[in-house]
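Visitor: I would like to go through this model term by term. Please set each value against its cut-off.
Guide: Gladly; here it is.

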Amino acid sequence: MKNDKMKLQYRVNEQIHAREVRVISEGNAEVMPTRQALELARKEGVDLVEISPNAQPPVCRIIDYSKFLYQQKKHQKEMKQKQVKQDIKEIRFGPQTDEHDYQFKLKHAQEFLNEGNKVRAYVFFRGRSILFKEQGEVLLLRFANDLEELAKVEQLPKLEGKKMFLYLSPKKAGITKKSQQRRDREEAEGAAKNAEAAKNEIENKSNVDNGLFANAKNGSAVLDKLKNEE
């Protein structure tokens, strides 16, 4: 069935109605009359396959049609395997979630995002707890802020019935945005390391200078002693 659908995507041999075509082969492309291209295909015992009908002129390949379909099917299968499956993981909160439960769910969300999954976090308001919807919104905004290094916000907290939803998607690897707090900490650590290195360099230089001074002093004393002995 799939092969039948794929066959309908391409014109082959006499189904090609353009007056001329661009025939591509290994590293070469040549424009020629369609009749000439068909003759070349027949001489090689293969087919003329139109692979880009909208080009001017249409682009064709001289190839065995069955082999061509096999290559296309194989390519589509490889592309499908390379596609990363992205699931949506749910995190549920109550409007008065305690700190321990919050940290537990935050950890799970971090794991989901690191695996490349989206996260849908929501606060469920049961009965009269809908009166605390502002509290739920604050909780979700805090959640988004705590995950800013791993996720970007697709949808800010939005109330839908008795649930307030927040949608997060993982950031691409290698472009994770650092929080200001983390940048400040790294800058402070770098400054401390530079200061320590400078201090060690001064101490090492001082030790070398003292050593040279001591050696010079000892050498002078020895020289004076030899002169006296003479």
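Visitor: In which sense do E4 and E5 pair, and over how many bridges?
Guide: E4 and E5 pair in the antiparallel sense over 5 bridges. Two strands count as paired if DSSP finds at least two bridges between them. Asp-47 has Ile-63 in E5 as its bridge partner. A hairpin of 6 residues joins E4 to E5.

Visitor: What should I know about the model itself?
Guide: The model is predicted: local features need pLDDT of at least 70, side-chain atom pairs count only at pLDDT 80 or more, and totals for chains, interfaces and linings use all residues. Residues are numbered from 1 along each chain as its sequence is written, and side-chain values use heavy atoms, with hydrogens and water left out.

Visitor: How many helices and strands does the chain have?
Guide: The chain has 6 helices and 9 strands. They are DSSP runs, numbered from the N terminus: helices are H or I with at least four residues, strands are E with at least two.

Visitor: What makes E1 and E3 edge strands?
Guide: First, the order. 5 strands form an open sheet, E1-E4-E5-E2-E3, with mixed pairing. Strand E1 (11–12) and strand E3 (28–33) each have a single partner strand, so one side of each is left without a neighbour in the sheet. E1 is joined to strand E4 (residues 47–52) by 2 bridges, and the two run antiparallel. Arg-11 stands opposite Glu-50 in E4.

Visitor: Which helix lies across E2, E3, E4 and E5?
Guide: Helix H2 (residues 34–44) does, running at about 115° to E3. Axes are lines fitted to C-alpha atoms, for helices over the stretch in contact, and angles run from 0 to 180 degrees between N-to-C directions. Contact means heavy atoms within 4.5 Å.

Visitor: Why does Phe-93 count as buried?
Guide: Buried means under 20% relative accessible area, exposed over 50%, partly exposed in between (1.4 Å probe, protein chains only). Phe-93 is at 2%, so Phe-93 counts as buried. Phe-143 is at 0%, so Phe-143 is buried as well. In the whole chain of 230 residues, 25% count as buried.

Visitor: Why is His-108 called partly exposed?
Guide: His-108 has a relative accessible area of 29%. His-108 is in helix H4 (residues 99–114).

Visitor: Which residues have the most contacts inside the largest nonpolar core?
Guide: They are Ile-91, Phe-93, Val-119, Leu-140, Phe-143, Leu-147 and Leu-168, in a core of 20 residues. H4 gives the most to this core, 5 residues. Another core, of 9 residues, lies apart from it; Val-23, Met-32, Ala-37 and Cys-60 are among its members. A nonpolar core is a set of buried Ala, Val, Leu, Ile, Met, Phe, Trp, Tyr and Cys residues joined through side-chain atoms within 4.5 Å.

Visitor: What makes the pair of Phe-93 and Phe-143 edge-to-face?
Guide: Rings of Phe, Tyr and Trp (its six-membered ring) pair if their centres lie within 6.5 Å; planes under 30 degrees apart count as stacked, over 60 as edge-to-face and the rest as tilted. The structure holds 7 such pairs. For Phe-93 and Phe-143 the centres are 5.1 Å apart and the planes at 75°, hence edge-to-face. Phe-93 lies in strand E6 and Phe-143 in helix H5, so the pair ties together parts 50 residues apart in sequence.

Visitor: Why is the pair of Phe-165 and Tyr-167 called stacked?
Guide: Their ring centres are 6.2 Å apart and their planes at 25°, so the pair is stacked.
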